Amino acid sequence: LWDHCKDVPEVNIAFYGGEPLLNYPLIKNVIDYSTKKFEVKKVKFNMTTNGSIITDEMIDYFAKFNVALTISLDGPQEIQDRHRKFYSNGLNTFDVVWNNVKKIRNRQPEWYNDHVYFHPVVLPGEIPNKTFDFFQSNSINANKISIVNANMEGIDYIRYNDINLQNYVDMNNETKKYLNRD
């Protein structure tokens, strides 16, 4: 990376998985090393996580380095728990993930406001307004949500033309009806 970025003022390093937090020591080593190695450049770190195993130590560390954290939270409990189960025991994930989101917000509010985002996935046949309503009712800023419609015929996701919560709020009712059709 060092050899390939000599002419750019900024370097972006992203962690995603599986679940990247399963190897937190490696992430920490990469961030520490990169921050020193690229001291003459701006280094940005991004991570996508399911949010289930984040600890206080991780929250403080990521806040210190302004890691942009994207949490895969599909919305309200009924939707999240339908889609996402713990691999080890098949139990629901909503309570754990949502409690961690609240812990992040309370522990590092400035970092949360500036660097934590959400990436909900909507499966075919689901109505995205339930997801949008969940985030909006929990005072999560519209620009922090990037909803994706999963195409279950393949492995790719189809974006609702990059609709985020603010786009959705601003849409006219006819467009909303089209997006929310079964």
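Reply: Let's start with D60 and R107, whose side chains meet in a salt bridge, 2.6 Å from N to O. D60 sits in helix α2 and R107 in helix α4, so this pair links distant parts of the chain, 47 residues apart. Keep in mind that this is a predicted model.

Me: Why is the contact between D60 and R107 called a salt bridge?

Reply: The cut-off is 4 Å between a side-chain nitrogen of Lys or Arg and a carboxyl oxygen of Asp or Glu. Here the N to O distance is 2.6 Å, so the pair is within the limit and counts. As a general point, side chains of opposite charge can pair when their charged atoms come close.

Me: What makes R107 and D56 a salt bridge?

Reply: The closest N and O atoms of R107 and D56 are 3.7 Å apart, and the limit is 4 Å, so the pair qualifies. R107 lies in helix α4 (residues 94–107) and D56 in helix α2, so the pair ties together parts that are 51 residues apart in sequence. D56, D60, K103 and R107 are linked in a network of salt bridges.

Me: How do you know that D56, D60 and R107 are partly exposed?

Reply: Buried means under 20% relative accessible area and exposed means over 50%. R107 comes out at 37%, D56 at 32% and D60 at 27%.

Me: How many salt bridges does the structure hold?

Reply: Seven.

Me: And which residues of α2 are buried?

Reply: M58, I59, Y61, F62 and A63. What covers them includes α1, β2 (42–49), α4 and α5 (109–115). Just after α2, N66 takes a positive phi of about 50°.

Methods:
Residues are numbered from 1 along each chain as its sequence is written. This is a predicted model: local features need pLDDT of at least 70, side-chain atom pairs count only at pLDDT 80 or more; totals for chains, interfaces and linings use all residues. Side-chain values use heavy atoms; hydrogens and water are left out. Helices (H or I, at least four residues) and strands (E, at least two) are DSSP runs, numbered from the N terminus. Buried means under 20% relative accessible area, exposed over 50%, partly exposed in between (1.4 Å probe, protein chains only). Contact means heavy atoms within 4.5 Å.
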